[in-house]
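Have the structure open and follow along.

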Amino acid sequence: APQTPHPFFYYFFIIFLIIKKKRGSGGFIPQGFDFLPAGHFFDQGNLLMESSTKNSPFIERLALKVATVGGVGYIPWAPGTFGTLAAVPLAWLAQQWGGGVAEGVVLLLVSGIGTWAADVSCRILGRKDPSEVVIDEVAGLLLAMMFASQGWIWFVVGFALFRLFDIWKPWPVHALERLPGGWGVMADDWAAGIYAGLFLLLLARFLEL
């Protein structure tokens with residue numbers, strides 16, 4: 001009998017449908033930025049009126065694609081939550097296929113590239129920590145799940161804990177937002193991921209799993 005796809009892979013499909021639906025709502029997308037969904041939340045579609053960076057248009061488009069996780073960050077309803085959701089399949093694959101080493105390598109890659117992309121995107125969008133930038137949520141969840149036991153229930157708990165600490169922002173999460181550029185975007189989510197990971201460890205110890 002054919003194998004049923006793992007439930008985590010349906011997350012990407014759901015996110016794709018949401019973005020596709022928003023693209024159909026109308027609006028003008030600047031030439032070269034047709035990967036972005038249209039809609040009123042783009043300030044009438046004119047997202048990049050005038051770039052404040054000195055990068056080439058290709059580099060700027062690439063940075064935006066990475067920072068928004070392929071456009072997930074442009075979902076107008078809780079983009080941080082959807083960004084975290086988009087990280088679940090990646091975290092699961094790293095955990096299943098390589099364990100701690102693979103999880104560490106993926107986290108370093110996402111964090112390094114994400115810090116650069118967030119820095120460039122902040123200058124493009126003209127805001128310190130734009131809601132459209134969700135690569136930081138991906139890195140934060142990856143870090144949290146490095147502390148987790150295997151099993152889908154731990155992804156549910158890890159997801160909820162990370163979102164709790166990312167929104168609540170206990171010390172020093174909020175303070176880290178004041179770091180400059182991409183570091184400020186990413187560092188608070190790393191801290192939230194550590195909080196979530198430590199709580200996962202405590203919960204696993206309490207349940208003796």
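Predicted model: local features only at pLDDT ≥ 70, side-chain atom pairs only at ≥ 80, totals over all residues.

## Helix 5 against helix 8

Helix 5 (residues 135-145) packs on helix 8 (residues 181-207) at an angle of about 25 degrees, and their axes are 7 Å apart. Angles under 35 degrees count as roughly parallel, so helix 5 is roughly parallel to helix 8. The crossing of helix 5 past helix 8 is right-handed.

Which residues of helix 5 and helix 8 meet? On the helix 5 side you'll find Ile-135, Asp-136, Glu-137, Ala-139, Gly-140, Leu-143, Ala-144 and Met-145. Facing them from helix 8 are Val-185, Met-186, Asp-189, Trp-190, Gly-193, Ile-194, Ala-196, Gly-197 and Leu-200. Sorted by class, this contact has 11 nonpolar residues, along with three polar and three charged ones.

## Aromatic pairs

Now for the rings. The count of aromatic pairs comes to four. One of them is Phe-165 with Tyr-195, and this pair is stacked: the ring centres sit 5.1 Å from each other, with 15 degrees between the planes. Phe-165 belongs to helix 6 (residues 152-168) and Tyr-195 to helix 8, so to speak a link between distant parts of the chain, 30 residues apart.

Tyr-195 comes out at 26%, which makes it partly exposed.

Trp-183 and Trp-190 give another kind of geometry to look at. Their ring centres are 6.1 Å apart and their planes are at 65 degrees; over 60 counts as edge-to-face, so that is what this pair is.

## The whole chain

Zooming out, the protein has eight helices and zero strands. Reading along the sequence, you get the pattern α-α-α-α-α-α-α-α.

How much of the protein is buried? Of its 209 residues, 48% are buried. As for contacts between residues at least 6 apart in sequence, 71% of them join residues at least 24 apart.

How values were computed. Residues numbered from 1 in each chain as written. Heavy atoms only, no water. Axes fitted to C-alpha atoms, helices over the stretch in contact; angles between N-to-C directions. Helix = DSSP H or I, 4+ residues; strand = E, 2+ residues; numbered from the N terminus. Parallel < 35°, antiparallel > 145°, perpendicular 65-115°, else oblique. Left-handed = near helix turned anticlockwise from the far one by under 90°. Contact = heavy atoms within 4.5 Å. Nonpolar A, V, L, I, M, F, W, Y, C, P; charged D, E, K, R; others polar. Phe/Tyr/Trp six-rings, centres within 6.5 Å; stacked < 30°, edge-to-face > 60°. Buried < 20%, exposed > 50% of the residue type's maximum accessible area, 1.4 Å probe, protein only.
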